[in-house]
Amino acid sequence: MDRFLCLLSFLLLAAVSHAALSPQLVYWHSVLPNTPMPSAISDFIDPDVLAEEKSGVNVYVKGKSGGTTVNVGHGGVNVNTGHKGKPRVAVTVPYSKDFIYNYAATETQIHDDPNVALFFLENELQPGAKMNLHFTKTTSGGASFLTQKEAEAIPFSSAKLPEILDHFSVKPGSAEAEAMKTTLQECEEPAVKGERKYCATSLESMVEFSMSSLGSRDVTAVSTTVAKAVTPLQQYTVTGVKELVGNRLVACHPEAYAYAVFYCHATATSKAYTVGLLGADGVGAEAVAVCHTDTSAWNPNHVAFKVLKVKPGSVPVCHFLPEDHVVWSRSG
């Protein structure tokens with residue numbers, strides 16, 4: 001068997017000049033071959049698989065009973081048959097609702113949530129402008145994407161919560177269980193007027209929703225990147241601003257769940273920018289900013305209105321995205 005796998009791996013390597021072998025990476029390169037994968041997505045791919053890919057060249061072999069990853073690295077050939085048993089569970093609590101626009105802000109959120117500092121007005125977005133910002137990740141890491149086939153085999157509804165908790169060995173009534181319950185409820189609520197929403201339970205479903213909403217298969221995805229892993233709340237200077245193509249966007253925000261789930265919403269009344277920033281400590285960032293030109297349907301007590309002291313529908317409201325959020329737009 002080992003000799004067969006070795007032979008198979010080298011035959012495949014002869015046919016393929018490079019690449020990457022988790023099912024999600026195979027899928028990404030097949031449908032978006034010219035689009036770099038943003039870190040906000042690659043961070044949710046099983047780190048064990050990514051570690052294998054960095055140590056050598058992988059080939060993903062799909063069979064009737066699942067997939068086998070053959071890794072040809074410095075130490076010979078490794079074979080990984082994928083997840084055994086239940087997927088890794090990593091539920092982050094508490095988490096932010098700043099980017100779900102039908103929620104009202106709480107006083108605790110206004111004072112303690114680092115994402116509050118990411119809201120600003122569109123006229124502030126110009127080279128040389130200075131802003132006090134705190135870039136963070138809204139999830140602590142650990143949760144990974146399931147394949148679309150795996151995700152579709154697991155219930156995803158409030159009505160099935162006991163079954164879901166049992167599947168992932170999450171104790172009912174625990175903080176993790178309550179976070180998962182909240183995520184399911186948010187995913188089942190109607191979209192804000194003028195928007196289309198969807199909770200993506202796999203990378204494949206996120207890509208498909210984004211392409212469908214944008215009316216094109218020629219799409220790109222971007223996320224905020226900061227040159228340093230942990231940065232404080234500090235002053236940043238805007239060094240450059242570039243607008244993304246079109247005013248139809250899809251923004252996807254990670255949710256607290258036992259595996260990677262993204263709350264995605266599509267709108268035709270937003271603009272997105274990539275913004276170069278330089279921190280007071282010398283650390284650079286390439287941030288993604290979204291400006292919503294119509295906020296009339298938002299909750300009037302949303303945190304953005306509290307922080308910026310404006311009313312719904314009065315002026316465009318902008319915000320930078322945390323590092324683990326994604327914006328999709330047409331490529332051209």
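Q: Which residues are buried in helix 8?
A: This is a predicted model, where local features need pLDDT of at least 70 and side-chain atom pairs count only at pLDDT 80 or more, while totals for chains, interfaces and linings use all residues. Residues are numbered from 1 along each chain as its sequence is written, and side-chain values use heavy atoms, with hydrogens and water left out. Helices (H or I, at least four residues) and strands (E, at least two) are DSSP runs numbered from the N terminus, and buried means under 20% relative accessible area, exposed over 50% and partly exposed in between (1.4 Å probe, protein chains only). In helix 8, the buried ones are Ala177, Ala179, Met180, Thr183, Leu184, Glu186 and Cys187.

Q: How far apart are the end C-alpha atoms of helix 8?
A: The expected span of a helix is 1.5 Å times one less than its number of residues. Helix 8 has 14 residues, so it should span 20 Å. The model agrees, with its end C-alpha atoms apart by 20 Å.

Q: Within what arc do the buried residues of helix 2 fall?
A: In helix 2 (residues 23-31), the buried set is Gln24, Leu25, Tyr27 and Trp28. An α-helix has 3.6 residues a turn, so residues three or four places apart point the same way. Take the directions from the helix axis to the C-beta atoms. The buried residues of helix 2 line one face, because seen down the axis they fall within an arc of 160°.

Q: Is Ser210 buried or exposed?
A: Ser210 sits in helix 9 (residues 203-214). Setting aside neighbours within four places in sequence, Ser210 is in contact (heavy atoms within 4.5 Å) with Val250 and Trp328. Its relative accessibility is 0%, so Ser210 counts as buried.

Q: What is the phi of Lys309, roughly?
A: Most residues other than glycine have a negative phi. Lys309 lies in the loop between helix 10 (303-308) and strand 14 (317-320), and counts as exposed at 72% relative accessibility. Although Lys309 is not a glycine, its phi is positive, at about 60°.

Q: Which residue forms a salt bridge with Lys271?
A: A salt bridge is a side-chain nitrogen of Lys or Arg within 4 Å of a carboxyl oxygen of Asp or Glu, and by this rule the count comes to 1. Here the pair links distant parts of the chain, 149 residues apart, with Lys271 in strand 12 (residues 270-279) and its partner in the loop between strand 4 (119-121) and strand 5 (130-133). The closest N and O atoms are 2.8 Å apart, and the partner of Lys271 is Glu122.
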